[in-house]
Amino acid sequence: MTEFDPKIVGFLCNWCSYAGADLAGVSRIQYPPNIRIVRVMCSGRVDPAFILEAFKSGADGVLVAGCHLPADCHYISGNFKAYRRVTLLKKLLQQFGIEPERLRLEWVSASEGDRFATIIKDMVKEIKKLGPNPLRAGGKTSG
Amino acid sequence: MADGKIGAVLVVGGGVAGVQAALDIADSGFKVYLIDRAPSIGGVMAQLDKTFPTNDCSMCILAPKLVEAGRQPNITLITNAEVTELSGKAGNFEVRIRKQSRYINEEKCNGCGLCAQKCPVEAVDAYNRGLNDRSAIYIEYPQAVPLKYMIDREKCIGCGICQEICRAEAVEYEQEDTETTLKIGSIILAPGFTSFDPRLKTEYGYGRFQNVVTSIEFERILNASGPYGGLILRPSEGEIPRKIAFIQCVGSRDAQLGNNYCSAACCMYSIKEAIIAKEHVPIELECTIFYMDIRAYGKEFDAYYNRAMEEHGVRFVRSRVADVGEDPLTSNLFVHYVEDGEPKTEEFGMVVLSVGMRPPENVEKLAEVLGIGLNRYEFCQTDTFSPIETSKPGIFVCGAFAAPKDIPESVAQASGAAAKAIAVIASERGKLITVKEYPPERDVSREEPRIGVFICHCGINIGGIVNVPEVVEHAKKLPDVVYAEENLYTCSQDTQVRIREKIRELNLNRVIVGACTPRTHEPLFRETLREQGLNTYLFEMANIRDQCSWVHMHEPERATEKAKDLVRSVVAKARLLEPLKKPVTSVIPVGLVIGGGVSGMTTALELARQGFEVHLVERAKELGGHLRHIYYLLGSENPQEMLRSIIEDVSENERIHVHLNTAIVDVKGYVGNFTTIIRSGGNEKQIEHGIIVVATGATEYEPTEYLYGIDSRVLTQRELEERLAKGQFNAKTVVMIQCVGSRNEERPNCSRICCSQAIKNALKIKELSPETEVYVLYKDIRTYGFKEDYYREAADKGVLFIRYDDEHKPRVTRENGKLMVLAWAPILKTWVPVEPDILALSVPAVPNANNEHLARMLKVPLTKDGFFLEAHMKLRPLDFATDGIFLCGLAHWPKPIEESISQACGAATRAATILSKKTLEVEGIVAHVDEDLCVGCGLCITLCPYSAIEKDETGIARVQEVLCKGCGTCGASCPKRAITMQQFTDAQIVAQGLAVLRGVVHG
Ligand code: FES
């Protein structure tokens, strides 16, 4: 059996977090290749349905990242909206049989390439402990 | 041309500075002639592999600018050319240009390269610094702009093969040199520099020992399109070296050679080369840098220097190398040097000479033809308060020709020169330009998606890790992909031509580029689509470099898998892309400049000179900022007089509205249309404007170290300066301590100005009181550029410089009222006591406490240190990522007056590219309501942070497109999924997100 290699989907806001992820690259900070980034303009764009959809399709983890609270969001308060939505969704996840730790909300600024890399390293480690997405293991998915 | 002025500018030199100036000027409504002596533009930057301190790939960040210059209809490129005559005066010059023949008809050559493949002659490849060969018919490098071949007639044997096979019939053996006369209003000089010829330092063996190379040659060796394909090999026999020595200051800081100045960029490029070399060589490679002072004085440079030591294990030896010898058997090199008073010898596999910058070739002739003055090193003569003006009105200078400097400073100064050149001919704006015509947009609404995919090797940045051919093969199999190919650099001009060809040939209606980040390169590719009649929104990028190959350098296979996933995911999104319209908005031709120091005032003046109204907001009760505390300079100018005259100019200019004692309360709007509320006393006022320039300056750090504030003999340099200026100085012994509050844990970076400030004060002391003993305790003396002269002068006048390191920081005590400084003497290995009458602390400029608040209001980022963070450290030093907001001066990073002024002029230019337009296309990504689905619940209306949504007569939601900024938060909450964000629709995001997961589930 090969070692469990989690797949993480990241929804990153264009202005801070996506730029932070780029900075990690420019600074050649290495992190494990488990995340696939989807760029959105603001973390406030992330509909809980996207996250659920990702989990249903077998994602082992989902990262939502945006500009720092309280006031770094490029669109005034999208990060607060993301915060509320993700917090609520975490409560709901359990009902679907998904550990809430698989979903993370983080704030990464454009100058925090190292922070982005650390978050990914950390998340991969955590999720490896949790094992594969239970929906995937249970075969209940619609992939 | 009422007053005989001509709305055109001549830019001499097509390096990064010249190109930036040309783009800014053309973008502001003037005609530009950009001439270069070389067959293509790009200058030295096009030869670099990476750039510091970000390790960005040099060609990647330069190529978009070159391509843009190549396709800007108001820039005429004249290559292989030089100026031979000049007449007329500012506003109305006539210039003669001699263009050397290429023996190729530029109109006809399409750059296919068949000729070079067939050419039987081998010639030395100068672009790769003679490390390999090229054919006699050639282009300088694959991404050359213009992409036109040239025949090296010295090498050509006239066999006629190229002429025979050229289908375009472009080869013209008989072509002759041509001369033309141009009429222009002003001139910008950006001829760059030449590298010092290390043969003049015979002791280092360059030219005798094969494995001694220059830093530029080494740069080519590191590069994927270099002589060894990006492998680090010894020129002698092609082996990988185990140990490389870098020798600093070759041809710089060398009084014997008469080159006393510091070349300003070599410390950093050597650190970069050492880091990149270590990344390239999989086996253990040792890199050692021999230096006198490490001059890492720029934005976040010290952090880079620290990383080189700590993370990459680059070794630094403080010593001037005496000479280099060679072992004839192994071709290894012996480096002889003295460390801590002891002579040493060490063997290396390769030696890299960090060669300094010299004035450009034939500089005397250029100066003579144009009638401009040169300084004693034959760089262009300028002054502190007019760093861009040459001695002749109407002719301006930027880049390394003004003084040795790095890329961002060249770019900022180039924009600055553009401001000056435009100001001469401001009345002629728009008179000589043509508007770019695009083909009509193809209607793709009835077409099935036909996707073309272009995957970039990015030299070896991607291709060295990710298996690009495999990714291409994967892409070919994806639904709706009808074409996929790989490119060495997808952003180069020839690839733009290819993309257009493929769109036409295969009727593509969606294009995907797998390369770097859309944040820097999306505009370039969108323009390519537009030129081919495709809507610019039918484009997507897969970020397989910054977010893949660069962060998974040691896992090539998994990186390849990830790259495939990323390409697959944007293909999934691209299938659902729809064409969008870019709304057009009007521009309020008024500027808002925040900060009334020398930077802010200069920006305001330059904008006013271009004919724009400006609001200048200063929170203090008077103008002047930091400059108010400067009483004298290293040079002879009187700063207080200059300040008075600038303030006078500002106050007298009727286009500038000065608001003192005023705070910014609120900023709303977007590029072209901002609304700002300012408050003064109890009164609030509203200003409408099109752009914002942040010039808020910095604050002097208040030290807590070394008894400052406790003992009145302990001063900051600024306080000492005031005493010296006001005749209140009286001391027999003065000690200065450098880097107090900087280059430490809390503030790891250098504050750039303190070394010069200390030397300035030391020289003033020696002038006023030659008997006074002055000790400067320092870590590195960072008097870069021509400031090095003053360092030498101070040493000559008896100022004692004593180095300390972090283990031996100076100690200061007070006993029985006596102030005592203990300084570590490294050679004696003991602490030496000094009893100063004055202890002056060199403290850094630190960010204003208010920065955070302002950054939030403007929605712009700060660096970790708390200074404002520009859009791109190398190539967009004066722009924020948010359109319409710019920065300059100390708010950006500590810097001396002349650099602040250059930046301030540059910020004015950048702002004027917007203010000069009547209308502006803005981002077309706005929310869209599906009227059939909307039930009028109003949730989106309450959520929208910009009140951009309202209910229409029928009670359903309607988006006001100019107000919508495209965040998409409405779309994330609509219970009926009736409102969505274009280009980021629910379906697109889900498709993209799920495509990466394919293969995870075996459903
Ligand atoms: S833009 Fe980054 S969270 Fe809103």
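Reply: Buried means under 20% relative accessible area, exposed over 50%, and partly exposed in between, using a 1.4 Å probe and protein chains only. This is a predicted model, in which local features need pLDDT of at least 70, side-chain atom pairs count only at pLDDT 80 or more, and totals for chains, interfaces and linings use all residues. Residues are numbered from 1 along each chain as its sequence is written, chains are lettered from A and ligands numbered from 1 in the order in which they are written, and side-chain values use heavy atoms, without hydrogens and water.

Me: Is Thr913(B) buried or exposed?

Reply: Thr913(B) has a relative accessible area of 6%, so Thr913(B) is buried.

Me: And which residues does Thr913(B) touch?

Reply: Leaving aside residues up to four places away in sequence, Thr913(B) touches Asp24(B), Asp27(B) and Ser28(B), where contact means heavy atoms within 4.5 Å.

Me: New topic: which way do the residues of strand β36 of chain B point?

Reply: Strands are DSSP runs (E, at least two residues), numbered from the N terminus. In β36 (residues 691–694), Ile691(B) and Val693(B) point one way, Ile692(B) and Val694(B) point the other way, and all are buried.

Me: In which sense do β36(B) and strand β47 of chain B pair?

Reply: They pair in the parallel sense over three bridges; pairing requires that DSSP finds at least two bridges between two strands. Val693(B) stands opposite Phe886(B) in β47(B).

Me: What stands opposite Ile691(B)?

Reply: Gly591(B) does. Strand β30 (residues 590–594) of chain B pairs with β36(B) in the parallel sense over four bridges.
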